Amino acid sequence: MKKLVILTHPNIDTSIVNKAWKTMLEKNAHTFVVHALYKVYPNLKFDIAREQEVLEAFDEIIFQFPIHWYGTPFALKKYIDLVFAYGWAFGPGGDRLKGKKIGFAVSTGGPEESYNAPTGISVKGLLNDLHLTFEYCGCEVTHLHVFYGAMFNYKAKLLEENTERYLKTFANSN
Ligand SMILES: Cc1cc2nc3c(=O)[nH]c(=O)nc-3n(C[C@H](O)[C@H](O)[C@H](O)COP(=O)(O)O)c2cc1C
């Protein structure tokens with residue numbers, strides 16, 4: 001079954017990392033379906049029922065986004081707050097996400113050194129709220145794929161290798 005990639009990037013045209021990842025995903029359209037929130041909803045007025053249907057149709061979902069202020073872009077937070085509704089994602093009868101596999105593909109501007117042990121900060125740690133949210137909804141959180149340092153040590157070769165790793169990580173992940 002194909003995997004759904006929920007892409008949240010406010011300006012994919014000027015993106016380097018997420019755009020390269022998106023190109024790779026689209027080349028592998030037999031495996032991935034890209035759902036770009038800002039493309040479908042430029043004003044972020046989500047059609048909640050439609051989004052719930054989209055999510056229900058896939059067993060594996062990857063959330064792809066850049067880190068913004070040590071967390072998710074606000075559009076993704078808004079999406080989750082609205083779409084993961086009572087009676088759908090949680091509460092009575094709220095089991096529609098149960099059993100789904102959830103992965104993350106995340107880019108940072110900061111270099112890897114700013115996300116390692118001495119700093120006490122890690123990308124996994126920054127995504128703790130998402131992790132807890134998905135577990136609460138009965139999902140299994142699987143892989144976290146990261147590109148570090150988009151603003152500091154960006155090199156085309158590094159991004160190419162990283163993009164291949166993204167593909168390998170998620171193409172055969174079930
Ligand atoms: C509003 C905003 C906040 C950001 N906050 C962070 C941050 O807290 N940590 C970080 O490492 N990078 C931060 N960045 C940098 C982005 O994560 C980085 O530009 C992005 O991951 C690069 O991916 P792209 O080439 O797909 O745009 C921020 C960027 C923006 C626009």
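**Salt bridges and other points**

Modeller: Glu160 and Lys157 form a salt bridge, with the closest N and O atoms 4.0 Å apart. Bear in mind that this is a predicted model.

Colleague: Where do Glu160 and Lys157 sit relative to each other in the helix?

Modeller: Both are in helix H7 (residues 156-171), three residues apart, so about one helical turn separates them.

Colleague: And Glu160, how exposed is that?

Modeller: Glu160 is partly exposed, at 44% relative accessible area. Lys157 counts as exposed, with 51% relative accessibility, because the cut-off for exposed is over 50%.

Colleague: Which residues are joined into a network by salt bridges that share partners?

Modeller: Glu56, Asp95 and Arg96 are joined into one network that way.

Colleague: How many salt bridges does the count come to?

Modeller: The count comes to six salt bridges. One of them is between Lys77 and Asp81, at 2.9 Å from N to O.

Colleague: How far apart are Lys77 and Asp81 in the helix?

Modeller: They are four residues apart in helix H4 (residues 74-83), which means a separation of about one helical turn. Lys77 is partly exposed at 44% relative accessibility, and Asp81 is partly exposed too, with a relative accessible area of 48%.

Colleague: What about Lys22, which residue does it form a salt bridge with?

Modeller: Glu26, with the closest N and O atoms 3.1 Å apart. Lys22 and Glu26 are four residues apart in helix H1 (residues 17-27), so again about one helical turn lies between them.

Colleague: Is Lys22 buried or exposed?

Modeller: Lys22 is buried, with a relative accessible area of 18%; that is because buried means under 20%.

Colleague: Staying with H1, which of its residues are buried?

Modeller: Val17, Asn18, Trp21, Lys22, Met24 and Leu25 are the buried residues in H1. Looking down the axis of H1, these buried residues fall within an arc of 160°, so they line one face of the helix.

Colleague: What do the buried residues of H1 pack against?

Modeller: They pack against strands E1, E2 (32-36), E3 (60-66), E4 (101-107) and E5 (140-147), and also against H7.

Colleague: Change of topic. How much space lies in the largest pocket?

Modeller: About 460 Å³. The largest pocket has 20 lining residues, and Pro66, Ile67, His68, Gly109 and Met151 are the ones nearest its centre.

Colleague: Now the loops. Where is Thr14 found?

Modeller: Thr14 is in the loop between strand E1 (3-7) and H1. Thr14 is exposed, with a relative accessible area of 57%. Between the C-alpha atoms of Thr14 and Pro73 there are 16 Å, and the two residues are 59 apart along the chain.

Colleague: And Pro118, which loop is that in?

Modeller: Pro118 lies in the loop between E4 and helix H5 (123-126). Pro118 is exposed, with a relative accessible area of 77%.

Colleague: How far is Pro118 from Ile80 in space?

Modeller: They are 32 Å apart, C-alpha to C-alpha, and 38 residues apart in sequence.

Conventions
Residues are numbered from 1 along each chain as its sequence is written. This is a predicted model: local features need pLDDT of at least 70, side-chain atom pairs count only at pLDDT 80 or more; totals for chains, interfaces and linings use all residues. Side-chain values use heavy atoms; hydrogens and water are left out. A salt bridge is a side-chain nitrogen of Lys or Arg within 4 Å of a carboxyl oxygen of Asp or Glu. Helices (H or I, at least four residues) and strands (E, at least two) are DSSP runs, numbered from the N terminus. Buried means under 20% relative accessible area, exposed over 50%, partly exposed in between (1.4 Å probe, protein chains only). On a 1 Å grid over the protein atoms alone, a cavity is a set of points where a 1.4 Å probe fits but cannot get out, and a pocket is an open set with protein on both sides within 12 Å along at least five of seven lines; lining residues have an atom within 4 Å of a point. Grid points are joined across faces, edges and corners, and a volume is the space filled by probe spheres set on the points. The arc is that of the directions from the helix axis to the C-beta atoms. Contact means heavy atoms within 4.5 Å.
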